[in-house]
Amino acid sequence: MAVIRTLLYLLVYPGLLFLFVYSTFCEWFDRKVYARLQNRMGPTHTGKWGLLQPVADFIKLMSKEDIVPDLADKRLFNALPVFGLAIVSAAAMLLPVWNFDLAVPGPTSFAGDIIVVLYMLSLPTLIFFLAGWASTSFFSTIGATRVLTMLFGYEVPLFLSVLSPALLAGSWRLAEIAHFYQQKPLLILPNLLGFVVALIAVQAKLERTPFDIPHAETEVVGGTFTEYSGKKLAFFRLMTDIEMVVSAGLLAAVFLAGFPGGALLGFANFVVKTLFIIFLLSLMRALTSRIRVDQVVSFAWKYLAPLAVLQLLIVILIKGFLS
Amino acid sequence: MKVQIPIGPQHPALKEPISLRMTVDGEVITDADLRLGYNHRGVEKLAEEKTFIQNIYLTERICGICSHSHATTFVQGTERLMEIEAPKRGQYIRYLVSELERIHSHLLWLGVAGHEAGFDSFFMYTWRDREIVMDLLEMISGNRVHYAINTVGGVRRDLDDTQITKILEGMVTLRKRSEYYLMIGANEPTFTARLANVGYLSKEDAIALCAVGPTSRASDVTRDVRKDDPYGVYAEVPFEVCTSDLCDVLGRTVVRIKELLQSYNMIEFLLKNLPPGPVNVRAPRRAKPGEVVSLYEAPRGENIHYIKSNGTDKPERLKVRAPTLANYAATIKMLKKGFIADIPLIFAAIDPCICCAERTVELVDTRSGEERIVRFSDLRRAAEVRYKNVTRKGNAVWPL
């Protein structure tokens, strides 16, 4: 019985199947918001309101010819998409929405899981870098170096800003952090600055405008993904979608008091809060233009990092004031 | 590490085939090389085989964006050769279409610039508004792209009152939106951060490298054929030459938006002062022997047609110098010391029209493995060297 439960947990809900459905829905939502902000319709034809369009795109890519360049490191080139998908899906398991007991830490919710989620969200960046590097084409190589260059910019502000609410809550466990803010909702307000910094950093991590530099099509064609096609590209796209869901879930858990209310209400909370964050990300995507990679790094260190440190300072002061 | 990255002949940033070879050191461009010849269609040779009337429609097909520019340049020259002049009303309608075309071309460019800068919302908005002017052009001429309104001796269609009101209504909407774009173009922080100081071209360089059109005007060179050498109705129409002293892509954006606002004024002036009378005069089939150079300020800059006539109904020679060709030298200058991220922006900022510019043949020698552009004069010299010492076989006598 336990085996079947674990299997269901991993494969159906909240495992791969649910993640697939929800992340494609989030992609649809993102595309629709983005399109409406640009005075377009967005997806309309496949399914009701075009809801099935991301699924159709996925299926179409899966059926396309899969090409591996001769010069590429073939084993790495083939393994990376699956590896990346596995990592972000595993990170999704750790979100405090499904299976946790506040009193008893389990394998999906334990002290320090916030660090593990952050770590697992850093790995996709390295996977993008390796993917670009292993393809050995000019455009991929430039895309890969841009991925790493950007990483140096946004990673530190992201960590600082996500960890400061945890500091205030006095816990490294996502479920407990969320619980702390559910008890004291007013304390969400001092974290707003960190929330903004984290939103911008997540946008950079997801490589969306204004930070879509590694795969800026007008400059470096497909960038990191230039040589990828067919199933592997489909996996990478699904991976980016799931990464978006996980990042939105992480931000919601840390900054927006998590997902209270048990299985059903908690799930509704999860959907509403992640969609809200994805809406903000789409807004940012529609309203900005792409900046240069050197501008990303200088922006991150001139503005984001000091703001994140300021947030940390605020948290420390409040913590001293409260105790 | 120095890497040579190819941009084109096939690349998402390019709408037409051209090849840019960039030598990059990290993200910085150290050298740039431009290769043409992927889009040569032999239009000039074809023009020698067709009559003047047929050539209007041929020259119109040189370009899909500035179709009216090429046709008008050709028609202006032909009318001078035939020593006829279009009636006032015909001229007003002809240059009204010119200005409408400038609007649609500049709106298109704004969208492309937004897309190249990764600002797709701007692209979607400007292209939505471009539909207004495209619909107006369709209403006037019956076509969205190749209007075919020109004929030798005037235009083919007249305007009626409902059309005039509709055009004026369209201009009101467009003016409001363009002012909004001017605000976005000058104020949206990520957009200006992306455009400012990109592709710097100093005033001296713009003059020395013979840049034309908005590219030169953005470097503070007051160069506009409509003002410098007024043709058609431009001596009567009040307008300003828009310049900017920013010398970069942001300046080119600002100049183009300002020109949009000027064009709206000019269209309103043309429509309100539209003289009565016929729209065309009957033109002879043959042109008198002679040669003529016709100048025209296309949306992209100065367009030159050289037409030589030998007294028949066909031109003996037609030479087209499109504005894009004049701006290539300046582009290479702008690209050097830039970033990879700036390539599409800088290149798009001259509003390149490859199919306009590809009028000459250049050969690329790939035999030795090292590609090399061979000039026609070099080819001839090589042939002379090679055949100088070859003994002549037979005694071919050329009858004179």
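In strand β2 (residues 19–25) of chain B, the bridge partner of B:P6 is B:R21. That pair is a handy place to start a walk through this predicted model, in which local features need pLDDT of at least 70 and side-chain atom pairs count only at pLDDT 80 or more, while totals for chains, interfaces and linings use all residues. Residues are numbered from 1 along each chain as its sequence is written, and chains are lettered from A and ligands numbered from 1 in the order in which they are written.

β1(B) and β2(B) pair in the antiparallel sense over 6 bridges; two strands pair if DSSP finds at least two bridges between them. Helices (H or I, at least four residues) and strands (E, at least two) are DSSP runs, numbered from the N terminus. The open sheet has 3 strands in the order β1-β2-β3, with antiparallel pairing. β1 and β3 (28–35) of chain B each have a single partner strand, so one side of each is left without a neighbour in the sheet. From one strand to the next, the twist averages 20°. Angles here run from 0 to 180 degrees between N-to-C directions, and axes are lines fitted to C-alpha atoms, for helices over the stretch in contact.

**The sheet of β6, β7 and β8 in chain B**

Another open sheet of chain B has 3 strands in the order β6-β7-β8, again with antiparallel pairing. Its edge strands are β6 and β8, each pairing on one side only, and the twist averages 15° from one strand to the next. Helix α12 (residues 323–335) of chain B packs on this sheet and touches β6, β7 and β8, with its direction at about 125° to that of β7(B).

Is strand β7 (residues 301–309) of chain B mostly covered or uncovered? The strand is mostly covered, with 7 of its 9 residues buried. A residue is buried if 20 or more other C-beta atoms lie within 10 Å of its own, exposed if 12 or fewer, and partly exposed in between, with C-beta atoms placed from the backbone.

Strand β6 (residues 290–298) of chain B is joined to β7(B) by 9 bridges, and B:E291 stands opposite B:K308 in β7(B). The hairpin between these strands passes through 2 residues. On to the next pairing: 6 bridges join β7(B) to strand β8 (residues 315–321) of chain B. Here B:I307 stands opposite B:L318, and B:S309 has B:P315 as its bridge partner. The hairpin of β7(B) and β8(B) has 5 residues between the strands, and B:G311 takes a positive phi near 95° there.

**Helix pairs in both chains**

| Helix pair | Angle | Axes |
|---|---|---|
| α5 (120–141) and α6 (161–187) of chain B | about 165° | 10 Å apart |
| α6 (138–169) and α12 (293–322) of chain A | roughly 10° | within 9 Å |
| α8 (192–205) and α10 (230–255) of chain A | roughly 170° | within 11 Å |

Angles under 35 degrees count as roughly parallel, over 145 as roughly antiparallel, 65 to 115 as roughly perpendicular and the rest as oblique. α5(B) and α6(B) are therefore roughly antiparallel. The contact between α5(B) and α6(B) includes B:F122 and B:I132 of α5(B) and B:I167 and B:L174 of α6(B); two residues are in contact if their C-beta atoms, placed from the backbone, lie within 7 Å. By class, that contact has 10 nonpolar, 4 polar and 3 charged residues. Ala, Val, Leu, Ile, Met, Phe, Trp, Tyr, Cys and Pro count as nonpolar, Asp, Glu, Lys and Arg as charged, and the others, Gly among them, as polar.

In chain A, the axes of α6(A) and α12(A) cross at roughly 10°, which makes these helices roughly parallel. Their contact divides into 20 nonpolar, 5 polar and 2 charged residues.

**Where the chains meet, and chain B as a whole**

The contact between the chains takes 26 residues from chain B and 23 residues from chain A. Which element gives the most to the side of chain B that touches chain A? That is α5(B), with 5 residues. By class, this side of chain B has 15 nonpolar, 6 polar and 5 charged residues.

Chain B has 15 helices and 10 strands, and buried residues make up 46% of its 400 residues.
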